[in-house]
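The exercises below ask you to read packing, pairing and ring geometry from a model. Each task is followed by a solution that goes step by step.

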Amino acid sequence: MLSAVDHVQLAAPPGSEDALRAYYVDILGMTEIPKPPALAARGGCWFRAGAVQLHLGIEPDFRPAKKAHPGLRVTGIEAYAARLAARGAVVIWDDGLPGYRRFYSEDPVGNRLEFLEPALSRQR
């Protein structure tokens, strides 16, 4: 039986680790976590914020997916969107999911990320 999502892995092109670190740490506010040595030799980087882990693996013929993306829950979505925009990230709001406030952004290699918050949590 499935009990939780351990992590989500996204792909990235070779040599993009510094740009990924700048985005996931400096813009999103995540913490880089060390990869096990056997996996670190493959390149890429891993990040964590609370229970959320995103792994970025190197793919030589990388092309970002147009639709595939992780959906990341946030609290204080307006402030979080403002944080991203102030640091140069694109923020595209979408009101197509009833009961949620959400927006999309892209990391520096074109991976799509969805950020969402239940609309009721804003009324507390």
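**Exercise 1. Find the ring over which the charged end of Arg112 sits, and then examine Arg101 in the same way.**

Solution. The criterion is that CZ of Arg or NZ of Lys lies within 6 Å of the ring centre and within 35 degrees of the ring normal. By this criterion the charged end of Arg112 sits over the ring of Tyr104, 4.0 Å from its centre. For Arg101, the ring is that of Trp93, and the distance to its centre is 4.1 Å. The model is a predicted one, in which local features need pLDDT of at least 70 and side-chain atom pairs count only at pLDDT 80 or more, while totals for chains, interfaces and linings use all residues. Residues are numbered from 1 along each chain as its sequence is written, and side-chain values use heavy atoms, with hydrogens and water left out.

**Exercise 2. Work out how β8 is paired and how far it is enclosed.**

Solution. Strands are DSSP runs of E with at least two residues, helices are runs of H or I with at least four, and both are numbered from the N terminus; two strands pair if DSSP finds at least two bridges between them. Begin with β7 (100–106), which runs antiparallel to β8 and is joined to it by seven bridges; in this pairing Ser105 has Leu113 as its bridge partner. The hairpin of these two strands has five residues between them, and there Gly110 takes a positive phi near 100 degrees. Next take β5 (residues 71–73), which pairs with β8 in the parallel sense over three bridges, with Gly71 standing opposite Glu114. Finally, apply the burial cut-offs, where buried means under 20% relative accessible area, exposed over 50% and partly exposed in between (1.4 Å probe, protein chains only). Six of the seven residues of β8 are buried, so this strand is largely enclosed by the rest of the structure.

**Exercise 3. Explain why the buried residues of α1 lie on the same side of the helix, and identify what covers them.**

Solution. In α1 (residues 17–27), the buried residues are Glu17, Leu20, Tyr23, Tyr24 and Ile27. They cover an arc of only 160 degrees around the axis, taken from the directions from the helix axis to the C-beta atoms, which puts them on the same side of α1. Just after α1, Gly29 takes a positive phi of about 85 degrees.

**Exercise 4. Classify the ring pairs that involve Tyr24.**

Solution. Rings of Phe, Tyr and Trp (its six-membered ring) pair if their centres lie within 6.5 Å; planes under 30 degrees apart count as stacked, over 60 as edge-to-face and the rest as tilted. A search of the whole structure finds five aromatic pairs. For Tyr23 and Tyr24, the ring centres are 5.0 Å apart and the planes stand at 80 degrees, so the pair is edge-to-face. For Tyr24 and Phe47, the centres are 5.1 Å apart and the planes make 15 degrees, so this pair is stacked.

Technical notes. Contact = heavy atoms within 4.5 Å.
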